[in-house]
Amino acid sequence: MITEKTDILVVGGGGREHAIIKKLSESPRCGKLYACPGNAGIAELAECIPVKATDIEGIVKTARERNVGLVFVAPDDPLMLGAVNRLNEEGIRAFGPVKEAAELEGSKVFSKGMMKKYGIPTASYEVFDSPEAAFSYIKEQDKYPVVIKADGLALGKGAIIAETPEKAQDALRSIMTDRVFGDSGKRVVIEKFLTGPECTVLAFTDGTTLIPMESAQDHKRALDGDKGLNTGGMGAFSPSYYYTPELEERCMNEIFMPTVRAMKAEGREFRGVIYFQLMLTPDGPKVIEYNARFGDPEAQAVLPRLESDFIEIIDAVIDGKLDGIDIKWNKNAACVVVAASGGYPAAYETGFEITGLDKAGERPGAFVYHAGTKKKDGATVTAGGRVLGVTAFGKDVPEAAANAYEALSDISFKNMHFRRDIGVRK
């Protein structure tokens with residue numbers, strides 16, 4: 001347990017990590033902050049160290065050299081590579097699931113099989129390890145749209161909704177033959193297409209107790225009206241329009257706690273944050289997928305609403321004492337709009353200077369989270385597909401969205417692209 005000011009290392013360098021670092025910095029028990037590798041915005045709150053998030057031995061060495069009291073492993077890749085396992089082996093206190101538990105996100109085949117085994121509601125599915133067998137099954141079923149998912153991690157882009165046999169064949173070729181997602185495409189999950197509004201619930205769990213955070217909704221498609229390619233997320237808002245107290249109780253009983261108990265029964269006790277992506281179907285809530293960490297950009301909409309001491313919650317998760325924590329949330333809504341590089345999630349250029357950051361950040365209730373940025377010759381320039389996440393509060397989601405767009409209007413860089421309908425009820 002952290003009882004005094006302690007230095008903390010956060011692994012990662014995107015908007016999610018910026019949100020985590022900002023929330024950590026608000027705790028009276030937070031000492032010096034470090035980030036591996038961080039970005040231009042994170043550098044204003046933490047010392048950035050040029051160690052990749054996937055360099056596990058480099059992270060262990062950095063934690064040792066800086067004598068940090070906690071390492072927060074935020075992204076999916078290092079979790080699946082066993083970063084928390086290695087840190088634990090070295091006696092370094094770490095937040096995040098061990099590799100065996102992170103498989104909840106790392107393998108769609110595992111997570112779907114677990115849900116089937118333990119009766120957790122999800123779409124019906126089949127698993128295939130060859131594109132020919134998968135396409136034969138899709139043609140036999142002859143029901144469209146059909147959902148095709150790469151088994152492993154794919155930067156949030158591994159799920160393709162195919163409306164026709166031709167698009168299904170293209171998706172299978174892309175995932176399994178061309179291997180656009182690498183080895184993540186060795187196997188695919190073919191799912192029944194579900195209908196209904198989507199909702200995201202992040203939750204803290206210590207392996208026994210689970211406490212949901214405030215609900216959120218993500219916008220994955222690149223273009224307005226949920227058109228275009230899937231992305232890592234073009235914006236999010238909290239709370240969801242659809243997540244009622246009655247629905248939360250049902251999710252706790254049918255999905256959340258059964259997941260925690262199932263992971264423990266499988267010998268994969270999960271301690272950290274579980275991301276439940278839900279489809280609210282006419283037959284009730286069903287799991288679309290799990291993530292084994294904070295979502296991005298959901299973290300930039302949910303974490304600003306957290307009023308309790310973040311480090312106290314982290315302690316309780318690590319030590320198995322979450323049942324003794326009362327977590328409080330700001331009653332305002334929050335909305336984050338992502339400013340991306342033109343062309344994202346396909347080919348895009350970087351290195352363009354960003355202007356207006358200070359002006360946007362000075363607006364009341366607004367904050368600019370950096371995702372793909374770096375410093376060059378004293379200027380902040382673009383360095384990724386998703387560049388910034390502009391978050392703002394409001395008394396409700398429409399007001400929060402309007403405030404976020406006002407702040408975003410102060411910012412400019414060449415080929416800047418963003419959706420104009422984040423937070424709009426459909």
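1. Let's start with a sheet: four strands in the order β6-β9-β7-β8 make an open sheet with antiparallel pairing. Helices (H or I, at least four residues) and strands (E, at least two) are DSSP runs, numbered from the N terminus, and two strands pair if DSSP finds at least two bridges between them. The edges are held by β6 (125–128) and β8 (159–162); each has a single partner strand, so one side of each is left without a neighbour in the sheet. Ignoring direction, neighbouring strands of this sheet are turned by 20° against each other on average. Strands of a sheet pair through backbone hydrogen bonds, either parallel or antiparallel.

2. A word on the model before going on. This is a predicted model, in which local features need pLDDT of at least 70 and side-chain atom pairs count only at pLDDT 80 or more, while totals for chains, interfaces and linings use all residues. Residues are numbered from 1 along each chain as its sequence is written, and side-chain values use heavy atoms, with hydrogens and water left out.

3. Back to that sheet, and to one of its pairings. β6 and strand β9 (residues 188–192) run antiparallel and are joined by four bridges. Phenylalanine 128 has valine 188 in β9 as its bridge partner. Helix α8 (residues 165–177) packs on the sheet and touches β6, β7 (146–150), β8 and β9, and its direction makes about 5° with that of β7. Contact here means heavy atoms within 4.5 Å; axes are lines fitted to C-alpha atoms, for helices over the stretch in contact, and angles run from 0 to 180 degrees between N-to-C directions.

4. Now look for another open sheet of four strands, with the order β11-β10-β16-β17 and antiparallel pairing. Its edges are β11 (210–212) and β17 (284–291), each with a single partner strand, so one side of each is left without a neighbour in the sheet. From one strand to the next, the twist averages 35°. Seven bridges connect strand β16 (residues 272–281) with β17 in the antiparallel sense, and leucine 278 stands opposite valine 287 in β17.

5. Seven of its nine residues are buried, so β22 is largely enclosed by the rest of the structure. Buried means under 20% relative accessible area, exposed over 50%, and partly exposed in between (1.4 Å probe, protein chains only). β22 pairs in the antiparallel sense with strand β18 (residues 333–341) over eight bridges, where alanine 334 stands opposite phenylalanine 393. β22 also pairs in the antiparallel sense with strand β19 (residues 366–370), over five bridges; there, phenylalanine 367 has threonine 391 as its bridge partner.

6. A hairpin comes next. Strands β20 (residues 373–376) and β21 (residues 379–382) run antiparallel and share four bridges, with lysine 374 partnered by valine 381 of β21. Two residues lie between the strands of this hairpin, and aspartate 377 takes a positive phi near 55°.

7. Phe110, Met114 and Tyr118 of α6 make the contact with Thr259, Ala262, Met263 and Ala265 of α9.

8. Helix α1 (residues 15–25) and helix α11 (residues 310–319) pack at about 105°, with axes 8 Å apart. These two helices, α1 and α11, are therefore roughly perpendicular to each other. Ile20, Lys23 and Leu24 in α1 meet Phe310, Ile311 and Ile314 in α11.

9. In helix α2 (residues 56–66), the buried residues include Ile56, Gly58, Ile59 and Val60. Among the elements that cover the buried residues of α2 are β1 (6–12), β2 (30–37) and α3 (76–80). Just after α2, asparagine 67 takes a positive phi of about 55°.

10. Is serine 107 buried or exposed? Serine 107 counts as buried because its relative accessibility is 3%. Leaving aside residues up to four places away in sequence, serine 107 touches Asp151 and Arg187.

Key. Parallel < 35°, antiparallel > 145°, perpendicular 65-115°, else oblique.
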